[in-house]
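Take a look at the model shown here. The paragraphs after it go from the whole chain to single residues.

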Amino acid sequence: MTMNNVLASLAGVVILAGGNSRRMGTPKAKLTLPTNETLLDYHVRQAIKLNVPIMIADNGRSFTVNAELLSSKPELPIFHIADYRSVSIIDNSETEGPLVAIESALQALASLNSIATQNNEHSSWLMVISCDSLITAHDLWQELNLYIDAAISDDIATTQPSAPSTIKATNKSVICLTDDSHLYPLLGLYKLDIESDLRAYIDNGQRQVMRFIEPMTQAVPVIKEWLPLTNLNTPEDFKRACAALYHL
């Protein structure tokens, strides 16, 4: 498969920025990197490189994006989305977790790309990337798109050095990173056609990410150099990640 065809497999990116950030003490999206860029702007800037719609799920906090970023590609949709709300939600004052944001993003893309997805079966994946990490959407795509190839072909031989010499077909609907102890479900790809199943799961009162995705997940070993860039929960975690990313 050519790179152009692979790129057509990505329908959009959602940046999750609505967590409570209690241990961090401040919203993670507004953390300032050593480059004086906010973490949200950092993720938007990197996602723009993929040339697909970018959605910001911030649980109604209306975090702003740098105007220069927005004007750099005015034809590219960059917009906020509200969390999906169902009748099973009792208390609207608290965040309901990442699945309601992912469901909203899947619905938005189904609407934005209805014609494209009907005419191009490969335009069928949503990238989920969280402000809990400094791993960029662009780099994550470079790593995970190999496994999209595997999902649509029995065996894919590849010469890319970061991938196994042969990847077996998986037929999975979620592709995300993993380390030796756990999955990273908020650093991954979600097939658009799981939208109705996810909506039903949420409408049934369920919010557990792992319970929903585990039966359908293809786990991809995280690159060793990325490990210090993940799990940003405290100011110390963020400082460590910045030091690793910028070699401070």
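**From chain to residue**

Of the chain's 248 residues, 51% count as buried; buried means under 20% relative accessible area, exposed means over 50%, and partly exposed lies in between, with a 1.4 Å probe and protein chains only. This is a predicted model, in which local features need pLDDT of at least 70, side-chain atom pairs count only at pLDDT 80 or more, and totals for chains, interfaces and linings use all residues. Residues are numbered from 1 along each chain as its sequence is written, and side-chain values use heavy atoms, with hydrogens and water left out.

The chain holds 9 helices and 9 strands. These are DSSP runs numbered from the N terminus: helices are H or I with at least four residues, strands are E with at least two. Contact means heavy atoms within 4.5 Å. Take the contacts between residues at least 6 apart in sequence: 70% of them join residues at least 24 apart.

Start with helix H2, residues 39-48. Here 9 of the 10 residues are buried, so the helix is largely enclosed by the rest of the structure. The buried set runs Leu39, Leu40, Asp41, Tyr42, His43, Val44, Gln46, Ala47 and Ile48.

Next, a helix pair. H4 (residues 98-112) packs against H7 (residues 195-203) at an angle of about 145 degrees, and their axes are 10 Å apart. Axes are lines fitted to C-alpha atoms, for helices over the stretch in contact, and angles run from 0 to 180 degrees between N-to-C directions. The crossing of H4 and H7 is left-handed, meaning that the near helix is turned anticlockwise from the far one by less than a right angle. On the H4 side, the contact uses Leu99, Val100, Ile102, Glu103, Leu106 and Gln107; H7 brings Glu195, Leu198, Arg199, Tyr201 and Ile202. By class, the contact residues are 7 nonpolar, 1 polar and 3 charged. Ala, Val, Leu, Ile, Met, Phe, Trp, Tyr, Cys and Pro count as nonpolar, Asp, Glu, Lys and Arg as charged, and the others, Gly among them, as polar.

Where is empty space left? Rolling a probe the size of a water molecule over the atoms shows it. The largest pocket has a volume of about 610 Å³. A pocket is an open set of points on a 1 Å grid over the protein atoms alone, with protein on both sides within 12 Å along at least five of seven lines; lining residues have an atom within 4 Å of a point. Grid points are joined across faces, edges and corners, and the volume is the space filled by probe spheres set on the points. Of the 33 lining residues, Gly19, Lys28, Ser130, Asp132 and Leu186 are the closest to the centre of the largest pocket. E8 gives the most to this lining, with 4 residues. The lining has 14 nonpolar, 13 polar and 6 charged residues.

Now the loops. Asp180 sits between strands E7 (174-178) and E8 (183-191). Asp180 is exposed, at 86% relative accessible area. Asp180 and Pro221 are 41 residues apart in sequence, yet 8.3 Å apart in space, C-alpha to C-alpha. Ile223 lies in the loop between strand E9 (217-221) and helix H9 (235-246). Ile223 counts as partly exposed because its relative accessibility is 26%.

Finally, the loop between strand E2 (54-57) and helix H3 (67-72) holds Asn59. Ser62 is in the loop between E2 and H3. Phi of Asn59 is near 55 degrees, a positive value in a residue other than glycine. Ser62 is not a glycine either, and has a positive phi of about 55 degrees. Asn59 is partly exposed at 22% relative accessibility, whereas Ser62 is exposed at 54%.

Methods. On a 1 Å grid over the protein atoms alone, a cavity is a set of points where a 1.4 Å probe fits but cannot get out, and a pocket is an open set with protein on both sides within 12 Å along at least five of seven lines; lining residues have an atom within 4 Å of a point.
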